[in-house]
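Please read this briefing alongside the sequence and the model.

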Amino acid sequence: VDYAVKYGSQHEVDYFVFGHLHYAADIKTTERILFMGDWHSQPSYIALDNNGKIELKHYNLNGELRIGN
């Protein structure tokens, strides 16, 4: 998170996406920072639509889609 905030203060960035940290999170500080989590223990993924809107989504084992943290 510190790296993203520092880098974002020096460059124009829409958001940062990090993967394989074994937890999912959507952090909104001075920058938008998303952690994808992992599919095995916490099924989650990030979706980016055609308008550039990005969302962290979760998929539970019952097959239901849940949006957000």
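The points below are grouped by topic, beginning with the sheet. The model is predicted, and the description should be read with that in mind. Its sheet is open and has three strands in the order β1-β3-β2, with mixed pairing.

**Sheet and strand pairing**

- The edges of the sheet are taken by β1 (16-18) and β2 (24-28), and because each of these has a single partner strand, one side of each is left without a neighbour in the sheet. From one strand to the next, the twist averages 10 degrees.
- The strands β1 and β3 run parallel and are joined by three bridges, and within this pairing Phe-16 has Ile-33 in β3 as its bridge partner.
- The strands β2 and β3 run antiparallel and are joined by five bridges, and they form a hairpin with three residues between them.

- Helix α1 (residues 2-10) lies across β1 and β3, and its direction is at about 155 degrees to that of β1.

**Aromatic side chains**

- Five aromatic pairs are counted when ring centres must lie within 6.5 Å of each other. One of them is the tilted pair of Tyr-23 and Phe-35, with 5.4 Å centre to centre and 40 degrees between the planes.
- This pair links distant parts of the chain, since Tyr-23 belongs to the loop between β1 and β2 whereas Phe-35 belongs to strand β3, 12 residues apart.
- The two partners fall into separate accessibility classes: Tyr-23 counts as partly exposed because its relative accessibility is 41%, while Phe-35 counts as buried because its relative accessibility is 5%, under the 20% limit.
- One aromatic cluster is formed by Tyr-3, Tyr-7, Phe-16, Phe-18, Tyr-23 and Phe-35. Phe-16, a member of this cluster, is also the residue that bridges to Ile-33 in β3.

- His-40 is found in the loop between β3 (32-36) and β4 (44-48), and it counts as exposed because its relative accessibility is 75%, which is over the 50% limit.
- Although His-40 and His-22 are 18 residues apart along the chain, their C-alpha atoms are separated by 8.8 Å.

Technical notes: Residues are numbered from 1 along each chain as its sequence is written. This is a predicted model: local features need pLDDT of at least 70, side-chain atom pairs count only at pLDDT 80 or more; totals for chains, interfaces and linings use all residues. Side-chain values use heavy atoms; hydrogens and water are left out. Helices (H or I, at least four residues) and strands (E, at least two) are DSSP runs, numbered from the N terminus. Buried means under 20% relative accessible area, exposed over 50%, partly exposed in between (1.4 Å probe, protein chains only). Two strands pair if DSSP finds at least two bridges between them. Axes are lines fitted to C-alpha atoms, for helices over the stretch in contact, and angles run from 0 to 180 degrees between N-to-C directions. Contact means heavy atoms within 4.5 Å. Rings of Phe, Tyr and Trp (its six-membered ring) pair if their centres lie within 6.5 Å; planes under 30 degrees apart count as stacked, over 60 as edge-to-face and the rest as tilted.
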